[in-house]
Amino acid sequence: MRKTLLAVAALAVLPFVTAAAPASADQPDCAPAATTASTNAASVKVWLAGDSTMADPRSTCPVGWGSQFDALFKDDVTVVNAAVAGRSIQTWLYESNVQSTKDSAGECVVSPKTFHQRWLTMLDPAAGMKAGDYLMIQFGINDGDRNCPRHVGSARYKELLALMAKAAKDRGVTPIFLTPVSAIRCSGSTAVATRGFLTETFDAARSAGVTVVDLHKLSYTLYNTLKLCPNDGDYTRGPVGAFFCNDHTHFEAAGAKQIAGVVAKALRDQRIPLSSYLR
């Protein structure tokens with residue numbers, strides 16, 4: 001049986017997003033609990049950094065697609081899922097040090113500028129990322145919050161993606177950016193785009209020489225293939241209920257599995273070397 005190494009921090013819950021921006025925030029009350037990791041090393045590790053749409057579950061719903069990703073790989077790959085519900089890229093990196101006030105540029109003040117343990121663990125020379133590994137980064141949902149600590153502006157978002165990419169490359173690790181997975185929103189019988197930070201993700205990728213998986217487009221394309229629109233907004237029944245939790249954003253296990261499959265297919269379609277490890 002495969003051994004999956006889970007690196008998930010048990011963290012303080014951040015405030016639930018306000019109704020003013022229902023499509024731009026995760027439900028932080030579903031942050032994953034700490035899990036005991038396997039001690040068996042694999043030849044390649046795939047490190048995941050993101051929000052609740054990627055995170056391991058601590059309840060039956062939501063289930064992030066990252067929790068379904070390991071099963072798609074051969075046994076010489078270990079997926080290390082460090083995604084955490086409710087986090088923007090900045091709160092993921094600097095948890096507890098992001099203040100509730102903004103500076104003159106409109107960015108949340110970070111003081112002190114010391115990283116959270118989850119990123120320090122990835123950077124650790126002994127236990128963290130090593131040459132030949134991969135780092136997959138997916139944010140852009142909670143980052144659109146207007147309020148601190150989750151708020152991240154466009155320039156800051158690109159800066160932090162670049163920071164993570166450089167740290168990975170410096171260690172011989174291949175970074176991969178993913179645009180934020182789409183929520184389900186219908187325009188008649190068509191599922192449409194719901195997220196921001198798309199341009200920023202592509203811009204940062206070009207500047208850093210990083211491959212992008214456009215999970216945003218791939219996810220709402222999947223929703224259309226599955227004919228999840230139109231729907232009456234009742235996420236407790238029918239095909240849309242089997243895919244999503246009782247909201248427009250988070251996944252049931254079946255939905256998370258399909259999103260993980262979409263990511264795996266993109267690896268193959270884009271001929272990303274990580275695809276050679278897929279089953």
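The model is a predicted one. Three disulfides turn up in a search of the whole structure. Counting bonded cysteines along the chain, the pairing pattern is 1-6, 2-3, 4-5.

**Disulfide C61–C245**

- The sulfur atoms of C61 and C245 lie 1.7 Å apart and form a disulfide.
- This pair links distant parts of the chain, 184 residues apart. C61 sits in the loop between β1 (44-50) and β2 (77-81), and C245 in the loop between α6 (238-243) and α7 (253-269).
- The S-S torsion of C61 and C245 is about -100°, so this disulfide is left-handed.
- C245 has a relative accessibility of 7% and counts as buried.

**Disulfide C108–C148**

- C108 and C148 are joined by a disulfide with 2.1 Å between the sulfur atoms.
- C108 belongs to strand β4 and C148 to the loop between β5 (134-138) and α3, so the bond ties together parts that are 40 residues apart in sequence.
- The link of C108 and C148 is left-handed, with -100° about the S-S bond.
- Both ends are buried: C108 has a relative accessible area of 4%, and C148 has a relative accessibility of 15%.

**Disulfide C186–C229**

- In the disulfide of C186 and C229, the sulfur atoms are 2.0 Å apart.
- C186 is in strand β7 (residues 186-187) and C229 in the loop between α5 (215-225) and α6, so parts 43 residues apart in sequence are tied together.
- The torsion about the S-S bond of C186 and C229 is -80°, and the link is left-handed.
- C186 counts as partly exposed at 29% relative accessibility, whereas C229 counts as buried at 7%.

- Strands β3 (residues 98-102) and β4 (residues 108-110) run antiparallel and are joined by two bridges.
- K102 has C108 in β4 as its bridge partner; C108 is also the cysteine that is bonded to C148.
- Five residues separate β3 from β4 in this hairpin. G106, in the turn, has a positive phi of about 85°.

- L161 is located in helix α3 (residues 154-170).
- With a relative accessible area of 2%, L161 is buried.
- Apart from neighbours within four places in sequence, L161 is in contact with I89, I137, F177, T201 and A204.
- F139 is 22 residues from L161 in sequence, and the C-alpha to C-alpha distance between them is 9.3 Å.

Definitions and conventions. Residues are numbered from 1 along each chain as its sequence is written. This is a predicted model: local features need pLDDT of at least 70, side-chain atom pairs count only at pLDDT 80 or more; totals for chains, interfaces and linings use all residues. Side-chain values use heavy atoms; hydrogens and water are left out. Two strands pair if DSSP finds at least two bridges between them. Helices (H or I, at least four residues) and strands (E, at least two) are DSSP runs, numbered from the N terminus. Buried means under 20% relative accessible area, exposed over 50%, partly exposed in between (1.4 Å probe, protein chains only). Contact means heavy atoms within 4.5 Å. A disulfide is a pair of cysteine sulfur atoms within 2.5 Å.
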